[in-house]
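Please look through the structure below and follow the explanation part by part. It starts with aromatic rings, then turns to the chain as a whole and to its sheet.

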Amino acid sequence: AQFVQLMEKVKPKLVVIDSLIGCSGGRAFDENKSDFAQPLYWLTRSNGVLFPETTILLIHHANKKGGKDSFRGTSAIRDAVDETWALRMPDEKLIESVGKQSRIITIEKSRSGRKGTSLIMRMEDDLSFSVGDFTPEVDPDDETPASIHSKVLQRLRIVHPSTRTRSDLNADPLVGGKVEAIKKSLWRLEKKGLIK
């Protein structure tokens, strides 16, 4: 009730919960049990219904092992949110090209088709931060359906705010692939509300 009241009063565009475990009563809850994620499901269902629509960013720490699949706690946490982003230091090889003051943000789960895309965040000399696209290029020779979807997304991202028709994408050498696969990719993107 206090959260809804505060949201009605402030009407923020962004709410940051830092960190999930820190705002969950500490030892009173077990983050390995699915009940731990119930407040997240409530936030998802209530956003724009019980309080003004906003972006809610939850900070949740990785387990001590790190690396891939380092998500801590119950998988219900990941299931309850629209996207999961992993913030990591670049490995030694990558540090040579991006610098020690950089971090790589990888979108690991996305309900809007952004899975696998990456951002790079850099701390600048004036201590401000810059963020830019860091998504790896797709293999132009890969014609699997998942890859065609990635190629369509990449091409639309590159040309934005310009547009491309289905015919343009069919003729695009980067996208390649079969007409039916491109049509299906565009249908999925339209269904998710990412294109018109």
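**Aromatic rings, chain and sheet**

In this predicted model, the count of aromatic pairs comes to three. One of them joins phenylalanine 3 and tryptophan 42: the ring centres are 6.2 Å apart and the planes stand at 70 degrees, so the pair is edge-to-face, since planes over 60 degrees apart count as such. Phenylalanine 3 belongs to helix α1 and tryptophan 42 to helix α2 (residues 38-46), so this pair ties together parts that lie 39 residues apart in sequence. Tryptophan 42 also pairs with phenylalanine 51; here the centres are 6.0 Å apart, the angle between the planes is 45 degrees, and the pair is tilted. Through these ring pairs, Phe3, Trp42 and Phe51 are linked into a cluster.

Phenylalanine 51, at 2%, counts as buried, because the cut-off for buried is under 20%.

Now consider the whole chain. It has seven helices and six strands, which follow one another in the pattern α-β-α-β-α-β-α-β-β-β-α-α-α. Of its 196 residues, 27% are buried. The accessible surface comes to about 13,700 Å², and 54% of that belongs to carbon and sulfur atoms. Among contacts between residues at least 6 apart in sequence, 45% join residues at least 24 apart.

The average pLDDT is 82, and 85% of the residues score at least 70. Confidence is highest in helix α1 (residues 2-10), with a mean of 96, and lowest in helix α5 (residues 145-159), with a mean of 71.

Next comes the sheet. Strands of a sheet pair through backbone hydrogen bonds, either parallel or antiparallel. In this model, four strands form an open sheet in the order β3-β4-β5-β6, and the pairing is antiparallel. Strands β3 (83-88) and β6 (129-133) are at the edges with a single partner strand each, so one side of each has no neighbour in the sheet. On average, neighbouring strands are turned by 25 degrees against each other, direction ignored.

The pairing of β3 with strand β4 (residues 102-110) runs over six bridges. Leucine 87 stands opposite isoleucine 105 in β4. Threonine 84 is found in β3 and is buried, with a relative accessible area of 5%. Apart from neighbours within four places in sequence, threonine 84 is in contact with Phe71, Arg78, Thr106, Ile107, Glu108 and Lys109.

Definitions and conventions. Residues are numbered from 1 along each chain as its sequence is written. This is a predicted model: local features need pLDDT of at least 70, side-chain atom pairs count only at pLDDT 80 or more; totals for chains, interfaces and linings use all residues. Side-chain values use heavy atoms; hydrogens and water are left out. pLDDT is the predictor's confidence in each residue, from 0 to 100. Helices (H or I, at least four residues) and strands (E, at least two) are DSSP runs, numbered from the N terminus. Two strands pair if DSSP finds at least two bridges between them. Axes are lines fitted to C-alpha atoms, for helices over the stretch in contact, and angles run from 0 to 180 degrees between N-to-C directions. Buried means under 20% relative accessible area, exposed over 50%, partly exposed in between (1.4 Å probe, protein chains only). Contact means heavy atoms within 4.5 Å. Accessible areas come from the Shrake-Rupley method with a 1.4 Å probe; for residues, only the protein chains shown count as cover. Rings of Phe, Tyr and Trp (its six-membered ring) pair if their centres lie within 6.5 Å; planes under 30 degrees apart count as stacked, over 60 as edge-to-face and the rest as tilted.
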